[in-house]
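Dear colleague,

I am handing over a structure that is new to you, and below it I have set out what was found.

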Amino acid sequence: MTTHAARNDLAFRIAIASGKGGTGKTFVATNLFYSLLKQNIPVTLADCDAEGPNDAIFFPGRPVRSLPVTRRTPVIDERICTFCGKCRQFCSFHAIFMLPVSRVIRCMDELCHGCGACLYACDAGAISEKEVQMGELNVFSVTRTARIVESRMQPGFPSPVTLIKAAIREAGHANTPLPGHSVLPGHTVLLDAPPGIGCPFVQTVSLADYVILVTEPTPFGLSDLKQSVECLQTMEKPFGVVLNRAGTGNDGVNEYLDKEGFPLLMEIPFEREIAFNYARGRLVCKSWPGFQHALVKMHELIRRTYGNGHHQR
Ligand code: SF4
Ligand code: SF4
């Protein structure tokens, strides 16, 4: 399956994802972003965790641009409605409330996903749509060639998918390659994916050219890794694994990767100082040149292996 048909940018997109929260996904995404910008590699970090974005915390500064993101939501005219109930039957999200005896019918915005099915179902022409703001994109300029695009959803909306798509689209156009730069054409866009393997995760990785799965050496880490891998294999996405807090827990993840022949991109050892600095919003790679170098090498390897294929599509 390819998802590039609608693309018109030359960015190479790497999603950093994990099956669950707390494995170090944002840690890897922000440190990779910093390591690339220090090499003057054009890079944009898209924070796709719209329900709790926190990448920008590591790069103090105010947004240079904020863009509202809207979504269509149905409005039902009770004067025209015949209370046939078809819209309610079509709505998979139980977002339509109807009380025919009292001639009351409403779309509950907090449940509505804006799919438009009810509009299609209504023969009476009682449903129209209005635009509602569901969140915003905040663009931070970190250096001349490095930016962050943060998606931030307002409370009360059921799904951040529209925002995530807008953030990834914006990130693809937020930077331009430097003339004569040594990396492959097009800048790198890092997608810090939402946790879990639900719709927001699928939306993010479906638009990526490569996926870095961050996990930890515990039974929970292994279980979530297996689910993420299954999902990526269904989508035919190339991926590799970063093992965070290596040296703790057990060998289950390493044994699984060996057995299945999946690439282990990097192991990040557990050290009290790393956890301490990260918890205080500090970028660990600033004081750990070896880590920075390893992240740059990992990026080079991914782009060398998968970058050409992307640009030939
Ligand atoms: S489908 Fe249209 S007419 Fe029927 S209940 Fe819904 S809004 Fe009313
Ligand atoms: S737009 Fe979709 S989710 Fe929203 S009320 Fe209509 S059918 Fe339900």
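Which residues does Arg-88 touch, not counting residues up to four places away in sequence? They are Ile-96 and Met-98, where two residues are in contact if their C-beta atoms, placed from the backbone, lie within 7 Å. Before going further, please note that this is a predicted model, in which local features need pLDDT of at least 70 and side-chain atom pairs count only at pLDDT 80 or more, while totals for chains, interfaces and linings use all residues. Residues are numbered from 1 along each chain as its sequence is written, and chains are lettered from A and ligands numbered from 1 in the order in which they are written.

Arg-88 itself sits in helix 2 (residues 86–90), helices (H or I, at least four residues) and strands (E, at least two) being DSSP runs numbered from the N terminus. Arg-88 counts as partly exposed because it has 16 C-beta neighbours inside 10 Å; by that count a residue is buried with 20 or more other C-beta atoms within 10 Å of its own, exposed with 12 or fewer, and partly exposed in between, with C-beta atoms placed from the backbone.

Turning to the protein chain as a whole, there are nine helices and eleven strands, and 44% of the 313 residues count as buried. The C-alpha atoms fill a box of roughly 70 × 45 × 40 Å, taken along the principal axes. Among contacts between residues at least 6 apart in sequence, 76% join residues at least 24 apart.

The two ligands come next. Around ligand 1 there are 14 residues, the closest being Cys-81, Cys-84, Cys-87, Cys-122 and Ala-124, where a residue is near a molecule if its C-beta atom, placed from the backbone, lies within 6 Å of it. Its shell has eleven nonpolar, two polar and one charged residues, with Ala, Val, Leu, Ile, Met, Phe, Trp, Tyr, Cys and Pro counted as nonpolar, Asp, Glu, Lys and Arg as charged, and the others, Gly among them, as polar. Ligand 2 also has 14 residues around it, of which Cys-91, Ala-95, Cys-112, Cys-115 and Cys-118 come nearest, and the shell around ligand 2 holds eleven nonpolar, three polar and no charged residues.

With kind regards
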